[in-house]
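Biologist: Please take me through one part of this model at close range. I would like the residues and the distances.

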Amino acid sequence: MQFFIDTANLDQIREANELGILDGVTTNPSLMAKEGIKGRASILKHYVDICEIVDGPVSAEVLSTDYEGMIAEAHELAGLHKNIVVKIPMIKDGIKAIRYLTDNGIPTNCTLVFSAGQALLAAKAGATYVSPFIGRIDDTSNDGLQLIEQIVNIYRYHGFETQVLAASIRNVNHIVKCAELGADVITSPLPSILGLLYHPLTDLGMAKFIEDTRKMEL
Ligand code: E4P
C-alpha cells in the first residue's frame, strides 16, 4: 500500500518525505488556500515546489467545472512536471474529461467520491486513481471504510486497473483498516501518519532501555 500525504504545506511534505516512507502527495483547493497561495502563477509554482521535494505522484486539482476548462487546465498542470496527476471532480463533465485525459496519456485522480456507483463510473472512464472520502462519510453517521471495502471488491471482481486511493483520512485506525481492506493508497494528513509510530508499550520499553543503558556507564 502506498502512502501519500494530504497537504500543500511544504514543511510537512518535507518532514514526511524525510521519514523515507512517502510515495506521493495529494492537494485540493482548500489545502492550497490554507497555505495562503494566491494567483495562478503562485499555484503553478507551488505544485512544482512539491514535485521537487517528493519523487512520486502529486495530485493537482483543476479549478474549472466545465469540460473545456478542465481539459485546458489539465494540459497546463500536466506540463509542469512528469509526476503531476490531474485531479478531476466526480461530476458529469469530470467523467468526460477523465476519459479524454486517459486516452491522451495524462494520469487522473477522480475526487469527491462518496458512493460505489461513482467509483464504478470513474473506473469505466479510465481514472488512474479514485478518491473515496472516508472521513467525510463517517461525519454523516455512515461508514466510510465500508465504501472502501465495496469499491475494492468491485474493482477486483471486474479487473479494473483504477487504484483505490482512500482519502479524507482522520486517524490511525482509518489507515490500518484501509491496509486490511486492500486499498492501494491512503492519503493522510501528517499527524495520522506520525500517529502510526506510537504505542504506550514502546514508550515504556524505551524508557526502561534508556535507564538500563545508563547503568552500563558507556
Ligand atoms: C483528497 O484528496 C482530499 O484532499 C482530502 O483527503 C479531503 O480530506 P478532508 O475531508 O479532511 O478535507
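Predicted model: local features only at pLDDT ≥ 70, side-chain atom pairs only at ≥ 80, totals over all residues.

Modeller: The lining counts 15 residues. Nearest the pocket centre are Asp6, Asn28, Leu31, Arg136 and Ser168. Sorted by class, the lining holds 5 nonpolar, 6 polar and 4 charged residues. The volume of this largest pocket is about 210 Å³.

The ligand takes up the space of the largest pocket. Around the ligand stand Asp6, Thr26, Asn28, Lys87, Phe133, Arg136, Ala167, Ser168 and Arg170. By class, this shell has 2 nonpolar, 3 polar and 4 charged residues.

Next, the contacts themselves. Take Asp6: an N or O atom of its side chain is 2.6 Å from an oxygen atom of the ligand. Asn28 places a polar side-chain atom 2.7 Å from a ligand oxygen. For Arg136, a polar side-chain atom also sits 2.7 Å from an oxygen atom of the ligand. On its own, the ligand has 340 Å² of accessible area, and the protein covers 86% of that.

Definitions and conventions
Residues numbered from 1 in each chain as written. Heavy atoms only, no water. 1 Å grid on protein atoms, 1.4 Å probe; cavity = no way out; pocket = protein on both sides within 12 Å on 5 of 7 lines; lining within 4 Å. Points joined across faces, edges and corners; volume = space filled by probe spheres on them. Nonpolar A, V, L, I, M, F, W, Y, C, P; charged D, E, K, R; others polar. Near = heavy atom within 4 Å. Polar contact = N/O pair within 3.5 Å; in protein donor to acceptor, adjacent residues only side chain to side chain. Areas by Shrake-Rupley, 256 points an atom, 1.4 Å probe, with all protein chains shown as cover. Sits in = over half its atoms within 2 Å of the grid points.
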